[in-house]
Amino acid sequence: MAKVGIVVGSLRKEAFSKKIAENIAELFPDGYETEFVEIGNLPLYNQDYDEDSPQEYVTFRDKVRGMDAILFVTPEYNRSVPGVLKNAIDIGSRPYGESVWDSKPAAVVSQSISNLSGFGANHHLRQSLTFLNMPVVQQPEVYLANSQDLLDESGKFNNEGTVEFLKSFIDTFVELIKKYQ
Ligand SMILES: Cc1cc2nc3c(=O)[nH]c(=O)nc-3n(C[C@H](O)[C@H](O)[C@H](O)COP(=O)(O)O)c2cc1C
């Protein structure tokens with residue numbers, strides 16, 4: 001059983017990112033287990049903590065270390081990655097030489113309530129993942145625009161086209177994960 005950690009870049013209770021991530025989690029085939037990785041409880045990264053890390057850092061790093069792959073689903077804040085997500089990435093990357101992200105296959109989904117679809121966040125995130133040595137699904141890229149129109153009242157995708165597209169994205173992600181197992 002391969003384990004895929006899902007990291008959501010929004011802490012909002014009704015976050016579209018979380019709802020979209022829940023829909024996408026259902027598209028993994030048999031043999032893949034998904035688990036959301038909590039990032040909202042992490043104290044702001046401070047390099048002084050590399051010596052003696054808060055328990056939240058230790059738990060988070062252990063959780064990510066135990067995953068075979070990571071799916072990021074994020075909104076865009078001010079044309080970039082939300083601070084809470086960047087904080088989690090930085091915490092996982094340290095102490096130097098002990099990054100829990102290293103070599104883990106990853107996939108990126110960005111979304112926004114406008115037509116922009118989180119392109120800036122998507123690519124700023126990819127920039128960090130490149131440095132962190134995470135092989136990332138290149139194609140298809142996933143930029144979801146007008147998120148509020150993609151979901152029905154129960155939070156499920158309301159159109160087959162989006163589901164089919166994301167299924168092909170997850171199939172590609174699974175092929176990437178297999179290469180690294
Ligand atoms: C601080 C902040 C900055 C934002 N900046 C952008 C932006 O640069 N581009 C964009 O398309 N949407 C931007 N938005 C709108 C978000 O796309 C929208 O709030 C989205 O629903 C957030 O995702 P969530 O539902 O997962 O919380 C911003 C929202 C906030 C709160």
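Me: Where is the place of S93?

Reply: Helices (H or I, at least four residues) and strands (E, at least two) are runs assigned by DSSP and numbered from the N terminus, and S93 has its place in helix α3. This is a predicted model, in which local features need pLDDT of at least 70 and side-chain atom pairs count only at pLDDT 80 or more, while totals for chains, interfaces and linings use all residues. Residues are numbered from 1 along each chain as its sequence is written, and side-chain values use heavy atoms, with hydrogens and water left out.

Me: Is S93 buried or exposed?

Reply: A residue is called buried under 20% relative accessible area, exposed over 50%, and partly exposed in between (1.4 Å probe, protein chains only). S93 counts as buried because its relative accessibility is 15%.

Me: What does S93 touch, and what does its side chain reach?

Reply: Contact means heavy atoms within 4.5 Å, and, leaving aside residues up to four places away in sequence, S93 touches S99, W101 and L132. A polar contact is a pair of N or O atoms within 3.5 Å; within protein, one must be able to donate a hydrogen and the other to accept it, and residues adjacent in sequence count only if both atoms are side-chain atoms. The side chain of S93 reaches the backbone oxygen of D90 at 2.6 Å.

Me: Which other residues of α3 are buried, and what covers them?

Reply: An α-helix has 3.6 residues a turn, so residues three or four places apart point the same way. In α3, which spans residues 83–93, the buried residues are L85, N87, A88, I89, I91, G92 and S93, and their cover includes β1 (2–8), α2 (55–65), β3 (69–75) and α4 (119–131).

Me: Which way do the residues of strand β4 point?

Reply: From β4, A106, V108 and S110 point one way while A107, V109 and Q111 point the other way, and all are buried. The strand, residues 106–111, is thus mostly covered, with six of its six residues buried.

Me: How many bridges join β3 to β4?

Reply: Two strands pair if DSSP finds at least two bridges between them; here six bridges join β3 to β4, and the two strands run parallel. One of the links is that of I70, whose bridge partner in β4 is A106.

Me: Where does S147 lie, and which side chain does its own side chain meet?

Reply: S147 lies in the loop between β5 (142–144) and α5, and its side chain is joined to that of Q111 by a polar contact of 2.4 Å. S147 is buried because its relative accessible area is 0%, and, residues up to four places away in sequence not being counted, S147 touches F16, I20, Q111, S112 and I113.

Me: Which residues does I170 touch?

Reply: I170 is found in helix α5, residues 160–179, and at 0% relative accessibility I170 counts as buried. Apart from residues up to four places away in sequence, I170 touches I24, L27, F28 and P29.

Me: Which residues are closest to the ligand?

Reply: A residue is near a molecule if one of its heavy atoms lies within 4 Å of it. The ligand is surrounded by 15 residues, of which the closest are S10, R12, S17, E76 and R79. By class (Ala, Val, Leu, Ile, Met, Phe, Trp, Tyr, Cys and Pro nonpolar; Asp, Glu, Lys and Arg charged; the others, Gly among them, polar), the shell has six nonpolar, six polar and three charged residues.
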